[in-house]
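Let's walk through this structure together, pocket by pocket and then on to a pair of helices. Keep the 3D view open as you read.

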Amino acid sequence: MTVRALLSLVLLGVSGIAAAAVPAQDALQPHGVQALEIYNLWRLTLLVCTLVFAAVLAAFLYAIWRAPRSRVQLAPDVSSLDQPEPRLRRPVVIGVAVSTLLLIVLIVADFLTDRRLSQLPLKDAVRIEVTGHMWWWGARYLDDEPSRIFSTANEVHVPAGKPVILKLNSADVIHSFWAPSLHGKKDLIPGRTALLQFRVDKPGVYRGQCAEFCGFEHALMAFTVVADPPAQYEAWAARQRLPAPQPATELQKAGLAVFMRSTCAMCHTVAGTDAGARLGPDLTHLASRGMLASGTLPNTREYLAAWILDPQRFKKGTSMPPTPLSAADLNALMAYLETLK
Ligand code: CUA
């Protein structure tokens, strides 16, 4: 099969994109203590604003209802303009007082929420350095013991019920880390480190999205936060710390050779091989991730092959160049990449 035939097969598949289970990405469905605080503040704000809106609307309708009626054939009656309106002073004073009071209530609630957000107990927190790139997310799991540090990309696993500290920074422009079900937004600013602390209480998959316009493919800069039960998280982290498995079959060995001699190895790391570049996402455990290209495509063989052949087709402007490979080379490369569990 030629590459072109393979590509068209793949694209046939793309046109009927399989609707994968959609993970939670909803600020109105909080799944952590931080998100719950923000949700409660949102509800209070909504309540106050709704009451104010209803009151203003009611006053407006009342004013229309009691206004003097006029007819086209009658001369306009402007006599009321000559009379002072002393009775109005009281409603205006009350209106200003109520508005001021409600604004103060919102400011105090805002302040208290902010305080509670910063009071998350951080004992035994998992520390992850998250770096924004145009347009993907690098994640480096920090540890006091250097041998326990590992890197991954676009899919952040955290233990459910345990605090997480994200150290956010950017490699290029300003991005913003936002997983609406878990916490508010936090900007990633080049040259500065921002901290974001949160806790996920319910195991599950939560989608996040870059929330600061960062260039052409800003909308395709998503990520997933996977909250595992603690034991499962430890098992996942232990697997991520291992280097990539050695290729076992001839086909997989040929695939590794393709990886090393094509442009792949110039940008990506696969721990345990000679590929150690850091321009693109770490691929050591690529096959263990659910999505490709920062939440753009499901991680299946077909999408991965199509992505490698022509990334620009799915994500225009991505710094990954097209990689023209023969069908045999592509097949071998796929066989190898599938071993990166
Ligand atoms: Cu990164 Cu928008």
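The largest pocket has 24 lining residues, and A59, Y62, L88, P91 and V92 are the ones nearest its centre. Here a pocket is an open set of points on a 1 Å grid over the protein atoms alone, where a 1.4 Å probe fits, with protein on both sides within 12 Å along at least five of seven lines; lining residues have an atom within 4 Å of a point. This is a predicted model, in which local features need pLDDT of at least 70 and side-chain atom pairs pLDDT 80 or more, while totals for linings use all residues. Residues are numbered from 1 along each chain.

The space in this largest pocket comes to about 880 Å³. Both α2 (33-66) and α3 (89-117) give at least two residues to its lining; helices are DSSP runs of H or I with at least four residues, and strands are E runs of at least two.

Next, look at the second largest pocket, with a volume of about 570 Å³. Of its 30 lining residues, H268, G280, P281, W307 and M320 lie nearest the centre. Two or more residues each come from α6 (264-267), β11 (291-292), α7 (301-309) and α8, and α7 has the largest share, three residues.

Helix α8 (residues 327-337) also packs against α5 (residues 250-261), at an angle of about 105 degrees and with the axes 7 Å apart. The two helices are therefore roughly perpendicular, a label for angles of 65 to 115 degrees.

Methods:
Side-chain values use heavy atoms; hydrogens and water are left out. Axes are lines fitted to C-alpha atoms, for helices over the stretch in contact, and angles run from 0 to 180 degrees between N-to-C directions. Angles under 35 degrees count as roughly parallel, over 145 as roughly antiparallel, 65 to 115 as roughly perpendicular and the rest as oblique. Grid points are joined across faces, edges and corners, and a volume is the space filled by probe spheres set on the points.
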